[in-house]
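The following note sets out points for a colleague reading the coordinates alongside the sequence. Please consider each point with the structure in view.

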Amino acid sequence: MIKHLRLKAYGKINLALDVLGRRADGYHEVRMIMQTVGLHDRIDLYVTQEPGIKIETNLFYLPDNEQNLAHKAARLLMEEFGIRQGLSIHLRKFIPVSAGMAGGSTDAASVLFGVNKMFGLGLSTGELMERGVTLGADIPYCLMRGTALSEGIGEKLSPLPPMPQCQVLIAKPGISVSTKVVYESLDAMKLAPSDHPDIDGMIDAIRSQNLREVAGRFGNVLELVTGERYPAISRIEQVMRDYGALGAMMSGSGPTVFGLFANPRAAQAAYEDLRFGKASELAKQVYLTNFFNVKRNGQDMA
């Protein structure tokens with residue numbers, strides 16, 4: 001048994017996001033291109049002799065009880081396999097919260113991976129994904145990571161070739177968005193064919209390793225809702241484009257915006273303006289990172 005495990009829970013962005021409709025069970029059918037980025041939370045897991053699950057975070061407003069998705073992930077496996085020892089979860093958040101970057105889902109995915117490894121449960125990644133989707137639609141992808149086509153409610157995943165490396169600028173305005181409300185608002189809208197992103201065209205661009213063409217095919221149907229309500233989103237995108245971003249778009253249901261840069265100096269200049277300069281009024285959190293591309297064989301979250 002492993003007594004202590006340190007993990008990195010990586011965030012994601014959506015290079016493209018389309019919603020195909022609402023199902024009878026209330027979930028939405030989606031088609032998305034998912035991409036892991038280098039920005040990550042840090043998780044330390046400790047086995048304790050005292051039964052039960054305890055969780056500590058560095059953010060006072062996050063739940064530190066069974067309402068936390070990481071807590072739910074640990075409990076799911078520990079109850080299933082009758083684990084008698086306890087678990088202490090130390091979570092240090094860096095991925096923006098309620099920001100369209102799957103921060104809670106990636107923490108839960110890392111805990112599933114960690115509990116499986118620490119207690120020698122022997123579950124495959126696929127078996128962890130089957131359990132994870134019962135907690136959240138993004139969790140299977142967060143276990144898989146890399147570049148992938150996501151379909152169904154997000155649980156049907158098809159690996160794609162790794163994205164060509166570049167600088168990824170991430171900026172979150174000081175607002176929070178309810179994913180549920182965004183989807184409900186989209187349901188009430190009548191969308192034109194041009195509102196839907198060209199997912200197949202982006203897949204072709206990824207396979208051809210054409211970063212500029214990938215950026216040219218950005219599209220997120222949820223931005224029709226969130227972007228309309230929060231003008232800061234389009235203003236941040238424009239700042240990134242003004243500094244030379246190949247493309248800029250909102251991730252997930254928002255409000256986080258990301259831009260792709262082929263020129264490191266341009267990316268740094270945009271970062272400094274959004275972080276410290278005249279554009280800093282637009283964004284509360286700003287990060288400069290890159291893509292996190294995984295090897296499909298024997299990948300590890302540690």
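This is a predicted model: local features need pLDDT of at least 70, side-chain atom pairs count only at pLDDT 80 or more; totals for chains, interfaces and linings use all residues.

1. S7 and S10 belong to an open sheet of four strands, ordered S9-S10-S7-S11, with antiparallel pairing. From one strand to the next, the twist averages 20°.

2. Which strands does helix H9 lie across? Helix H9 (residues 232-242) lies across S7, S9 and S10, and its direction is at about 10° to that of S10.

3. Helix H2. The end C-alpha atoms of helix H2 (residues 103-118) are 22 Å apart, which agrees with the 22 Å that its 16 residues should span at 1.5 Å a residue. The helix is mostly covered, with 14 of its 16 residues buried. Gly-120 follows H2 and has a positive phi, near 60°.

4. The loop at Ala-137. Ala-137 is placed in the loop between helix H3 (125-132) and helix H4 (139-144). Is Ala-137 buried or partly exposed? Its relative accessibility is 21%, and the limit for buried is under 20%, so Ala-137 counts as partly exposed. Apart from neighbours within four places in sequence, Ala-137 is in contact with Ile-153, Gly-154 and Glu-155. The C-alpha atoms of Ala-137 and Ile-153 are separated by 6.2 Å, although the two residues are 16 residues apart along the chain.

5. The protein as a whole. The protein contains 10 helices and 11 strands. Its radius of gyration is 19 Å, close to the 19 Å given by the globule rule for 302 residues, so the protein is as compact as a globular protein of that length. Along the principal axes, the C-alpha atoms fill a box of roughly 55 × 45 × 35 Å.

6. Of the 302 residues in the protein, 54% are buried. Among contacts with a separation of 6 or more, 76% are accounted for by residues 24 or more positions apart.

Key: Residues are numbered from 1 along each chain as its sequence is written. Side-chain values use heavy atoms; hydrogens and water are left out. Two strands pair if DSSP finds at least two bridges between them. Helices (H or I, at least four residues) and strands (E, at least two) are DSSP runs, numbered from the N terminus. Axes are lines fitted to C-alpha atoms, for helices over the stretch in contact, and angles run from 0 to 180 degrees between N-to-C directions. Contact means heavy atoms within 4.5 Å. The radius of gyration is taken over C-alpha atoms; the globule rule is 2.2 Å times the number of residues to the power 0.38. Buried means under 20% relative accessible area, exposed over 50%, partly exposed in between (1.4 Å probe, protein chains only). The expected span of a helix is 1.5 Å times one less than its number of residues.
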